[in-house]
Amino acid sequence: AFLAGEKPTFADDNPLLVPTQPLDAHGFLALEQRFDPNTYYQRFPRILGQYDADYSRFDLSGLQTQSLGSLAAFARSQQKPLIFINLPLTQDYLDPTRLRRERQFQTYLQQQSQAQGFGLIDLMQQWPTQNGYFADPSHLNRHGAAAIAQQLTTRADIPWTVLAQSAAETAARR
């Protein structure tokens, strides 16, 4: 509890709660820290998936499906390719409950990509033990993001020429 007028403060050694640098021009926060389970769980509690509030209302229908459908329809109407990239997670994060939910999400994405006509690149279990690519158990750091970006440049299933042409047209209109 805080007294009226007081602001909450966070430990100076907790860069995950309070960013020490601003977002870049593209809205990204390039985190430098690397996930080390041996030290991470000394500072943060280990929350099992069955108790994770992020999964308490896990539902793959309704508003999220409508929003995904709207996004896919908009991309089609603009004749722009839409590619959904499911990013990697650590083995440490993917306990049995989270893995079950993430597998449901993978199935959902596969079904939606076929039904809605968008591309899907699923990298969820690409780096289960590559902790150096993560800032915490479930978020890439700048090294992981850079590795993913580099990897994506070599993907033949991404229509790079169409995307480059679209970017050039957008730049020309500005």
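Of the 174 residues of the protein, 27% count as buried, where buried means under 20% relative accessible area, exposed means over 50% and partly exposed lies in between, as computed with a 1.4 Å probe on protein chains only. The structure is a predicted model, in which local features need pLDDT of at least 70 and side-chain atom pairs count only at pLDDT 80 or more, while totals for chains, interfaces and linings use all residues. Residues are numbered from 1 along each chain as its sequence is written, and side-chain values use heavy atoms, with hydrogens and water left out.

The protein contains five helices and four strands, which are DSSP runs numbered from the N terminus (helices: H or I, at least four residues; strands: E, at least two). Along the sequence these elements follow the pattern α-α-β-α-β-β-β-α-α. Strand β1 pairs with strand β2 (residues 119-122) in the parallel sense over four bridges, a pairing being assigned if DSSP finds at least two bridges between two strands. Within this arrangement, I85 stands opposite I121 in β2. Together, β1, α3 and β2 make a right-handed β-α-β unit; a crossover is right-handed if, with the strands pointing away from the viewer, the path from the first strand over the helix to the second runs clockwise. F84 lies in strand β1 and, at 28% relative accessibility, counts as partly exposed. Although F84 and G119 are 35 residues apart in sequence, their C-alpha atoms are 6.1 Å apart in space.

In the loop between α2 (63-77) and β1 lies Q79, which has a positive phi of about 55° although it is not a glycine. Most residues other than glycine have a negative phi. Q79 is exposed, with a relative accessible area of 71%.

The largest pocket holds about 1500 Å³ of space. Of the 49 residues that line this pocket, the closest to its centre are L89, D136, S138, H139 and L140. On a 1 Å grid over the protein atoms alone, a pocket is an open set of points where a 1.4 Å probe fits, with protein on both sides within 12 Å along at least five of seven lines, and lining residues have an atom within 4 Å of a point. Grid points are joined across faces, edges and corners, and the volume is the space filled by probe spheres set on the points. At least two lining residues come from each of α1 (37-43), β1 (83-86), α3 (96-116), β4 (139-140) and α4 (142-152), and α4 gives the most, with six residues. By class, the lining has 31 nonpolar, six polar and twelve charged residues, where Ala, Val, Leu, Ile, Met, Phe, Trp, Tyr, Cys and Pro count as nonpolar, Asp, Glu, Lys and Arg as charged, and the others, Gly among them, as polar.

The structure holds seven aromatic pairs. Y40 and Y41 form an edge-to-face pair, at 5.1 Å centre to centre and 90° between the planes. F105 and Y108 form a stacked pair, at 6.2 Å centre to centre and 20° between the planes. Rings of Phe, Tyr and Trp (its six-membered ring) pair if their centres lie within 6.5 Å, and planes under 30 degrees apart count as stacked, over 60 as edge-to-face and the rest as tilted. Because F105 and Y108 are three residues apart in helix α3, they are separated by about one helical turn. Y108 counts as buried at 9% relative accessibility, and Y40 counts as buried at 16%. Ring pairs also link F35, Y40, Y41 and F44 into a cluster.
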